[in-house]
Amino acid sequence: MTFAILGCGIVGLYTALNLVESGVRGSEITIVAEYLPGDQSINYTSPWAGGNFSCISPDDAQTLHFDRTTYTHLAAIQKLLGSGCGLDRRPSTEYWEYLPDQRKIESLSSYLQDFAIIPSSQLPEGAAFGITYVSWNFNCPKFLEVLKEYLATTGVVFVRRKIQNVDEMFEFARTVFNCTGIGARGLGGAEDENIYPARGQVVVIKAPHINENRMRWGTEDVTYVIPRPDSGSQVVLGGYLQANNWCADTWKTETDDIIRRTSQLGAKKEC
Ligand SMILES: *[C@@H]1O[C@H](CO)[C@@H](O)[C@H](O)[C@H]1NC(C)=O
Ligand SMILES: *[C@@H]1O[C@H](CO)[C@@H](O)[C@H](O)[C@H]1NC(C)=O
Ligand SMILES: *[C@@H]1O[C@H](CO)[C@@H](O)[C@H](O)[C@H]1NC(C)=O
């Protein structure tokens, strides 16, 4: 049995890893993609992520389940890829300006390492809820490259090709996995008009003294501080999430706003 995977972002690579872990020989897997790890394009999303483990679903049961599976599996992946792979554990603090869904908190408390709810007297101004736990941080560009290298050693074949029509994939295998992401929009034979981009902007600084994550879930925006493993002390500050915005430019006003928000992130209540 052979398999073909369309797309070489984190979803395509992770799909290949899952196949290998379930006993498929690497040489029976072909990943076909317009972009491969190491590339930089606005249409290649994965390397731009911050990237932290943090649960994005407010309450959806299936997503909460996926989050748990992901968190639990990352330890095995780190062990497999070895030190310096761009994936590591970091202490994390998250604040919400509103009360998160109880189902989410129950789910998180059941598996996150060192999970604790912050007493309300210790919350910063404007925060309604907070937790601490040990999270996973990614150095996304590095992790993608290391994962690709590992898969290549198992025999996985990488083909750089821009697929115009999904039918072309069946030249490679009879079983095809769709891991396209934003590319699904213009994919012939399977155009998905419902998929849209979400523009982000982050600031990357060098800060050896910052070794913990901070996140603040606001009603308007999410603010975060994410140290990047194996990067020489880089820290990602953010962020923005603008649905349906294709603009690739960066704005000084947004940079200033990110620095202002992240500087205040941990501020304690004034007495
Ligand atoms: C990114 O994808 C969009 C939509 O398919 C396309 O219009 C645009 O030209 C692409 N940009 C680059 C730099 O490839
Ligand atoms: C951190 O995780 C949250 C929840 O999944 C997500 O919304 C956010 O985009 C992540 N941040 C980065 C920079 O990857
Ligand atoms: C492929 O996956 C994308 C999401 O990544 C989705 O939008 C699209 O509808 C899928 N296409 C097919 C043919 O399954």
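Reply: Start with the shell, where a residue counts as near a molecule if one of its heavy atoms lies within 4 Å of it: ligand 2 is surrounded by G50, G51, N52, S54, I56, M215, W217, Y224 and I226. This is a predicted model, in which local features need pLDDT of at least 70, side-chain atom pairs count only at pLDDT 80 or more, and totals for chains, interfaces and linings use all residues. Residues are numbered from 1 along each chain as its sequence is written, chains are lettered from A and ligands numbered from 1 in the order in which they are written, and side-chain values use heavy atoms, with hydrogens and water left out.

Me: Which polar atoms lie 3.1 Å, 2.7 Å and 2.6 Å from an oxygen atom of ligand 2?

Reply: A polar contact is a pair of N or O atoms within 3.5 Å. For ligand 2, an oxygen atom lies 3.1 Å from a backbone N or O atom of G50, one lies 2.7 Å from a polar side-chain atom of N52, and one lies 2.6 Å from a polar backbone atom of S54.

Me: What is the order of the strands in the open sheet?

Reply: In general, strands of a sheet pair through backbone hydrogen bonds, either parallel or antiparallel. Here strands are DSSP runs (E, at least two residues), and two of them pair if DSSP finds at least two bridges between them. The seven strands run β4-β5-β3-β10-β11-β12-β9, with mixed pairing. β4 (116-117) and β9 (203-206) stand at the edges with a single partner strand each, so one side of each is left without a neighbour in the sheet. β4 pairs with β5 (residues 129-138) in the antiparallel sense over two bridges, and the bridge partner of A116 in β5 is T132.

Technical notes
A polar contact is a pair of N or O atoms within 3.5 Å; within protein, one must be able to donate a hydrogen and the other to accept it, and residues adjacent in sequence count only if both atoms are side-chain atoms. Helices (H or I, at least four residues) and strands (E, at least two) are DSSP runs, numbered from the N terminus.
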